Amino acid sequence: MIFNELSNRRTFLRRMAKLSAMAAATAMFPGIMFPNEQLAAIPNGSIDWKKAPCRFCGVGCGVLVGIQQGKAVAVKGDPKSSVNKGLCCVKGYHSIMALYGADRLTKPLVKENGKYVEKTMDEALQLIAEKMKETIKDYGKDSVSIYGSGQWTIPDGYVASKLFKGCIGTNNVEANARLCMASAVTGFMSSFGIDEPMGCYEDIDHANVFVLWGNNMAEMHPVLFSRLLDQRMNRGSKIVDFATRTTRTSTAADKSIMFKPQTDLAVANSICYEIVNNGWVNERFIENHCNFSKGLTNIGYGMEDKYSFQDKPEMIDFDTYKEFLKDYSPEKVEKISGVSARDIKYMASLYGDPNVKVMSLWCMGANQHTRGTWINNLIYNIHLLTGKISSPGNSPFSLTGQPSACGTVREVGTLTHKLPHGVVMNEEHRKEAAKIWDVPINNIDPKPSYHTVEMFRALDRGEIRFMWIQVTNPMVTMPKLKRYRDAAKKEGRFIVVSDIYPTPTTDIADVILPSACWIEREGMYGNSERRTQYFEQMIEPPGQAISDTWQIVEVARRMGFGKQFAYKKETHIEEIYNEYRRFHDNKKHNMAPLEVLKSQPGAMWPYVDGKSTKWRFNAAYDPACTQGEFDFYGKPDHRAVIWQRPYEQAAEEPDADYPFWLNTGRVIEHWHTGSMTRRIPVLHKAMPQAYVELNPEDAMKMGIQNGDPVKLTSRRGDIILPASINERGMPVRGQVFVPFFDEGMLINEITLDAFCPISKQPDYKKCAVKITKA
Amino acid sequence: MKRLFIIGLFLSMVVAVFTTSIFSYQTSKEGANVVEQSNGILLPQEAGVFERFYSSTHYAEMPMSDDSGRNLDDYYANRAYYGAPPYIPHEVVDEISIGADNCLKCHKNGGWVPKFEAYAPVVPHPEKTSCRQCHVTNKSEGVFKVNEFQGARAPQLSITALPGSPPAIPHALFMRENCLSCHAGPSTPSEIRVSHPERVNCRQCHAHNETSVSINNVFARDGYQVDQ
C-alpha cells in the first residue's frame, strides 16, 4: 500500500493537496495544530520504555517495558544488558500480561466463619499484627513464622528478616529457595566458604566446552542456552548434555549422555579418577590452593520428623583421596550408572585437556538431590583438580531458578540460620546485625530453628501457629503435599498469604493480602551471576494492593517496632537498600550504590572502586584477593576444599511394587506453579495442562497411547494424568516425568519429602511409583 | 688486542645466551598468547542487512498478487502486542526439537507449503536457532483465566516526512535487521511489500525512526540570545 499509494496519481495528488494546505495554514497561523493528521503519523502514541530485570527466572535478563497511559503495553529485551544482549524468551516477552489477569486480588480478604469478607488494608494489617502478638503471647516467639521466596525483592526479604530475627527474635524465617538452591549454597560454603558463583555469564563467551549436569537449559534457561548456541556457531564450542531424560537440550547438544538417577555422584568421582590416573591434575594449583577433606557418610534422608544432622569435616591428604577414587574406575562406574566407560573417559578428557576451557552448568538436577551438597562438591572437585576455575571460560556455574534467589534469599539471608551478613550462630555476626537493626543483641536467637520442610512439619505438630506466606505457592510446591496442606488447615493455625492471584495457597489462608507485583512497585533482584538489578515503579498496582515490603513495614509498626521501621513511604526502598548495604561493606561482598543500579543494567558484587567483579578469587580480577594468583579467601586458610564424597543410593529407589522412577520439573512456557504464566493466554494455549511423559517402549509394553489417562501411584497417594509419548521429552526406560506447574494435577501429592541432610533441600527428582492405565 | 677482542666477543656471546634464555624462560611462563576468536557478531545492528540480497532480483521479477494468503491483520493477529514474537499458528510434529533443523527447513528461505496452502514466512534472524525459546505453539483454545491486557498497537503505515519521500522504519531493528525477509517475497503481506526489492541497501533511503525509543542525554546545543 505504501508504495502503491505513491504510484497512484490520484492518491498522490490528493495527499499532496492536503499537505500543502496544512503547510500553508501553519505558515499563516503559527501554532495551529492538525492533531489527527500529526498524531496518526506517530507510531504507538508515545511509549515510554523503562528498564527492569525480567520478573521470571534467575537468569535476570534486562528488559525494557513499554508504558503507555499508565499501562504496560510491550516488552523488548534490553540491548544494553550484558546478560541477554537484547534477547528474551517467550515468558519474558509476555511477562507484562501476567499483571492483567481479570482475577487479580485487589482487596484484602479475611476469613470469617468459613467465608472470605472484604476488608480495608488497614483493618487487615491491624488484624495480622494483633494475631501475631497474641500468638507470641500464648505460644512463645517461635510459634510465628514467615515463609518467603526467591521472588521477594531485596527490600522484601530484608524487612522480613529484620522484623522476625531482629525484632520478634525468632529464626523462623525461611524461603522457597530452600526448595531450589539450598544445596548450591551448602556446596559453595563447604567447598569455598563463601556463597555464589566465582564466574559470570561472560564465561560462556570464552568456554570451549559446556557440560550440562542434569540441566535442561533449552527450556529452563533459554536465553543463556541461546548464548551457548551462538558460541557454538561462532567459535565451534561443544555442548555435552549429561542427563536422565532426553530433552530439547539433548537434541541441540553435540553429545547426550544418559545416566541412571542418583549415579551422577559415581560418574563425577569417576571423572576425577580419570583426571588423577591420566596425570591431568594441575599439581601446582592443588599444592597452592586446595585442601582435601572428607565428611560423614551414610547420612540418611531426613524423612522423619525432627531429623537433625551436622557434618563433621576431617582433613585428609591427596593420597587418601586417590585411594578413595579407586572404587570409581570408569569400568566399575559403568555398572552403577549405565554410562559407558567410554563416555565417562570422554567427559574426563574434556575436563582434563589443558587447552580446553570448560564450563559446567547445573541447576535443579544437582540441587534437588538427597546428596545435593555432595554433587555440588564433586563438580567443584573436577574443576579444582584441573585448576579450571575462576578464570574466563573455566567455570563451574550453579544456575538459579528465581529472579532473586541469590539477591534476596542468599545475600540478604532469609533462611533460618542466616543473617544479612553471616549466620546467627556467630556472635560477631549477631552483634553487627543488632547494631545495624538497632535492636538489643539478645533479641537475635543464636540457634537456627526450622528449615522449610521442618517448618511445615512444625505447623502440623502445632509448634508453629502463625505463618505468613509471601510471593510463593507452597500448596503446589511442597513435596508430600497432602500432609502439609492438612497441617495448614488444622484448627488453631493462622495463615496469612500475600499474593497477586488466587492460588491453592490462598485457599488455605485466613487472611489474603493483595500484593503489588514487580513493576507496580520499586525494588531490586539479584541474579545467578551476582548481578543486582534495580527497577522503578512504572505503573500503579490494582485496587488496594501494596508491596510486600510495605505490608511488613506496616505490620511491624503496628506491633510496636516503629523505631526500627521508621522509613518514609516515598523513599523507603532507597533507605532500606542503603541500610542493607552496610552489612556488606567490605571488598568481598560490597554492593553497588543505588545510583549505579539506577543508571545501568545492574552491577555485580563485589562492587569495588566503581567496578563490578567478574571473576572472584582470581587476583587479576578480584580486589579482595590478598595472596598469590588465586585466593580462596572464603576459607580461613585461603584454600578451596576438594571433598571426598561417595556415591550413596537415593532415599526411595524403584522396586517390585513401585517399579518406576518419578522425576518432576518444569517446561519452557510456565514458570513454577503457573499462577502468573497460566494467566497469559499465549503461554496457556501452548501448554494447557500437565502430563506424564513415558518412555515409548514402556508405554508400548503397557498398551498406553499418547493422551491416554495414566494413573501414577506412590506410597503417598495417586494421581491421574494424560500420557505424553515422544513429545516434549523422553525419559529413559523405567522412568517417568511430570511437570509441576498445573494446580489441577498436583504431582507433589505423591512426591517424597526426603532431603539432603546438609542443605535440607528436598529431592523432587527421585521417588518410586507404579503406573497403570486408568 | 686481537685476543682481547675475541675474549670480549666470547663474553658478549655468553651474556647474550644468558639473557636470551632467561628472557625466553620468563616469557614462556606467561600464558600462551592465544588469539581469541571473535565472540559474537561484529556490528550487531548492521548484521544481516544484506542477508537475502541474492533473492532480491528474483523477488523483483516474480509476479506477485496482492493476495499472499496473509494480510497485515493476520500478521498482527498472532502477536500479543506490536513487537511480540508471533506464536506458531500451525501444528508442529517434533515437540522436543529446539527448531533449528525443523523450523528453518521452511522458514529460512520461504516457499509454497501445500499442506497449509500458504507461502512460509521467512525468518529475519535465522542465526538464532532455538526457535521455540520465543515462539510457542497454540495447542488449545480457551484460557485459564480471562486476561485484560491491552498491548501496544502497530503504527499507521506510510509515515513519510514529505509527500513522496521514503517512509521511515517504524519498528525496532533488533533481530529484524534484514529487511527483505519480511518486506519482500511472496509470503509478505502486500501492505508492507516493497515495490523495489532489488535495491537492497534499504537503509540508504529509509531512516530508522522508531519514535517509541526514549533516548537519554540527547545532545542539544544551547540556544543563544541575540542582542536587539
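The model is predicted. In chain A, helix H23 spans residues 548–558, and nine of its 11 residues are buried, so the helix is largely enclosed by the rest of the structure. The buried positions are Asp548(A), Thr549(A), Trp550(A), Gln551(A), Ile552(A), Val553(A), Glu554(A), Val555(A) and Ala556(A). After H23(A) comes Gly560(A), with a positive phi near 100 degrees.

The domain assignment divides chain A into domain 1 (2–34), domain 2 (48–99), domain 3 (109–180 + 403–566), domain 4 (187–399 + 635–644) and domain 5 (660–773). Between domain 2 and domain 4 of chain A, the C-alpha centres are separated by 33 Å. The contact of these two domains involves nine residues of domain 2 of chain A and seven residues of domain 4 of chain A. On the domain 2 side, seven of the residues are nonpolar, two are polar and none is charged.

A helix pair in chain A was also examined. Two packed helices are described by the angle between their axes and the distance between the axes. For helix H14 (residues 330–337) and helix H15 (residues 341–352) of chain A, the angle is about 115 degrees and the axes are 8 Å apart. H14(A) and H15(A) cross in a right-handed sense. Pro330(A), Glu331(A), Val333(A) and Glu334(A) are the H14(A) residues at the contact, where they meet Ala341(A), Ile344(A) and Lys345(A) of H15(A). Four nonpolar and three charged residues make up this contact of H14(A) with H15(A), with no polar residue.

Chain A contributes 63 residues to the contact between the chains, and chain B contributes 55 residues. On the side of chain A that touches chain B, helix H9 (residues 222–235) of chain A supplies the largest share, eight residues. By class, this side of chain A has 35 nonpolar, 12 polar and 16 charged residues. The predictor assigns the complex an ipTM of 0.83 and a pTM of 0.88.

Chain B contains five helices and two strands, arranged along the sequence as α-α-α-α-β-β-α. Of its 228 residues, 24% count as buried. Among the contacts in chain B with a separation of 6 or more, 75% are between residues 24 or more positions apart.

Two positions in chain B were considered individually. Gly151(B) is located in the loop between strand S2 (118–120) and H5 of chain B. With 23 other C-beta atoms within 10 Å, Gly151(B) is buried. Setting aside residues up to four places away in sequence, Gly151(B) touches residues of both chains: Val73(A) and Ala74(A), together with Ala80(B), Tyr81(B), Tyr82(B) and Ala84(B). Gly151(B) and Val15(B), separated by 136 residues in sequence, have C-alpha atoms 77 Å apart.

His208(B) is found in the segment after helix H5 (179–183) of chain B. This residue is partly exposed, with 13 other C-beta atoms within 10 Å. Its contacts, not counting residues up to four places away in sequence, are Ile169(B), Leu173(B) and Arg203(B). From His208(B) to Phe116(B), the C-alpha distance is 34 Å over a sequence separation of 92 residues.

For chain A, the average pLDDT is 93, and 94% of the residues score at least 70. Confidence in chain A is lowest in helix H1 (residues 2–7), at a mean of 43, and highest in S18(A), at 98. Residues 1–7 of chain A have a pLDDT below 50, and this stretch has 12 contacts in the model beyond near neighbours in sequence. The pLDDT is also below 50 over residues 30–44 of chain A, a stretch with 16 such contacts.

For chain B, the average pLDDT is 82, and 84% of the residues score at least 70.

Conventions:
Residues are numbered from 1 along each chain as its sequence is written. Chains are lettered from A and ligands numbered from 1 in the order in which they are written. This is a predicted model: local features need pLDDT of at least 70, side-chain atom pairs count only at pLDDT 80 or more; totals for chains, interfaces and linings use all residues. Helices (H or I, at least four residues) and strands (E, at least two) are DSSP runs, numbered from the N terminus. A residue is buried if 20 or more other C-beta atoms lie within 10 Å of its own, exposed if 12 or fewer, and partly exposed in between; C-beta atoms are placed from the backbone. Ala, Val, Leu, Ile, Met, Phe, Trp, Tyr, Cys and Pro count as nonpolar, Asp, Glu, Lys and Arg as charged, and the others, Gly among them, as polar. Domain bounds come from an automatic or database domain assignment. pLDDT is the predictor's confidence in each residue, from 0 to 100. Axes are lines fitted to C-alpha atoms, for helices over the stretch in contact, and angles run from 0 to 180 degrees between N-to-C directions. A crossing is left-handed if the near helix is turned anticlockwise from the far one by less than a right angle, and right-handed if clockwise.
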